[in-house]
Amino acid sequence: MKLRYLCANHRQWLTADTDRAERAWLDWVERGTHLCEERSYAEAIPYLGCAFDLASFLLGECWPGYAVAAVRFSDSARQLMDAYRQCGDAGLGNYILVGASSRLARELHNPRNDQISQITADCLRTLYGGEPHTAAPQLWPRDSAGARRLH
């Protein structure tokens with residue numbers, strides 16, 4: 001896909017460390033989701049777009065594992081598509097859909113096990129169905145106080 005949200009410097013800095021990229025992805029998804037809940041879709045797009053960029057990188061790295069990365073990627077794409085459509089730009093929403101589904105379809109051709117193929121197929125259904133994953137892996141475990149922890 002040609003649509004980019006991160007500048008070259010930020011992309012290089014974030015992709016140099018998968019933990020850093022994962023933390024930034026979480027921050028941007030949470031901010032974008034919050035803005036969408038407030039119906040501030042145009043303001044959410046830059047956050048969701050950066051999260052989508054990072055989700056694509058993390059999928060390529062299979063970080064922190066293929067299943068989590070694929071679900072995050074498809075959910076990030078779905079949220080970004082929805083924000084574009086809520087802003088009246090269905091064309092960009094469809095562009096994200098085509099690019100994200102092509103990216104996932106390439107994963108189906110990698111020689112992997114049946115479980116990975118099923119996860120990828122589920123992610124494709126999520127993209128076209130517009131609904132979030134029902135059994136999405138938890139992003140990060142929570143500690144006893146309810147705060148998210150990375151490790």
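In this predicted model, the buried residues of helix H6 pack against H4 and H5. Those residues are Ile116, Ile119, Thr120, Cys123, Leu124, Thr126 and Leu127. Viewed down the axis of H6, they fall within an arc of 155°, so they line one face of the helix. The face turned away from this buried side carries the exposed residues Asp114, Gln115 and Tyr128. The 16 residues of H6 should span 22 Å at 1.5 Å a residue, and the end C-alpha atoms are 22 Å apart, which agrees.

Helix H2 covers residues 18–37. With 20 residues, H2 reaches 28 Å from its first C-alpha to its last, close to the 28 Å expected. Its buried residues are Thr18, Ala21, Glu22, Ala24, Trp25, Leu26, Val29, Gly32, Leu35 and Cys36. What covers them includes helix H1 (8–15), helix H3 (41–61) and helix H4 (66–86). Just after H2, Arg39 has a positive phi of about 65°.

The largest nonpolar core has 41 residues, of which Trp25, Leu80, Ile96 and Leu127 touch the most other members. Two or more residues of this core come from each of H2, H3, H4, helix H5 (90–108) and helix H6 (114–129). H3 gives the largest share, twelve residues. Trp25 is also among the buried residues of H2, and Leu127 is among those of H6.

The structure holds six salt bridges. Side chains of opposite charge can pair when their charged atoms come close.

| Salt bridge | N to O distance |
|---|---|
| Arg20 and Asp17 | 3.9 Å |
| Arg78 and Asp75 | 3.9 Å |
| Glu107 and Arg103 | 2.8 Å |

Arg78 and Asp75 are three residues apart in helix H4, so about one helical turn separates them. Arg78 counts as buried at 15% relative accessibility, and Asp75 is buried with a relative accessible area of 15%. Glu107 and Arg103 are four residues apart in helix H5, about one turn of the helix. Glu107 is buried, with a relative accessible area of 10%, and Arg103 counts as buried at 14%. An α-helix has 3.6 residues a turn, so residues three or four places apart point the same way.

Terms used:
Residues are numbered from 1 along each chain as its sequence is written. This is a predicted model: local features need pLDDT of at least 70, side-chain atom pairs count only at pLDDT 80 or more; totals for chains, interfaces and linings use all residues. Side-chain values use heavy atoms; hydrogens and water are left out. The expected span of a helix is 1.5 Å times one less than its number of residues. Buried means under 20% relative accessible area, exposed over 50%, partly exposed in between (1.4 Å probe, protein chains only). Contact means heavy atoms within 4.5 Å. A nonpolar core is a set of buried Ala, Val, Leu, Ile, Met, Phe, Trp, Tyr and Cys residues joined through side-chain atoms within 4.5 Å. The arc is that of the directions from the helix axis to the C-beta atoms. A salt bridge is a side-chain nitrogen of Lys or Arg within 4 Å of a carboxyl oxygen of Asp or Glu.
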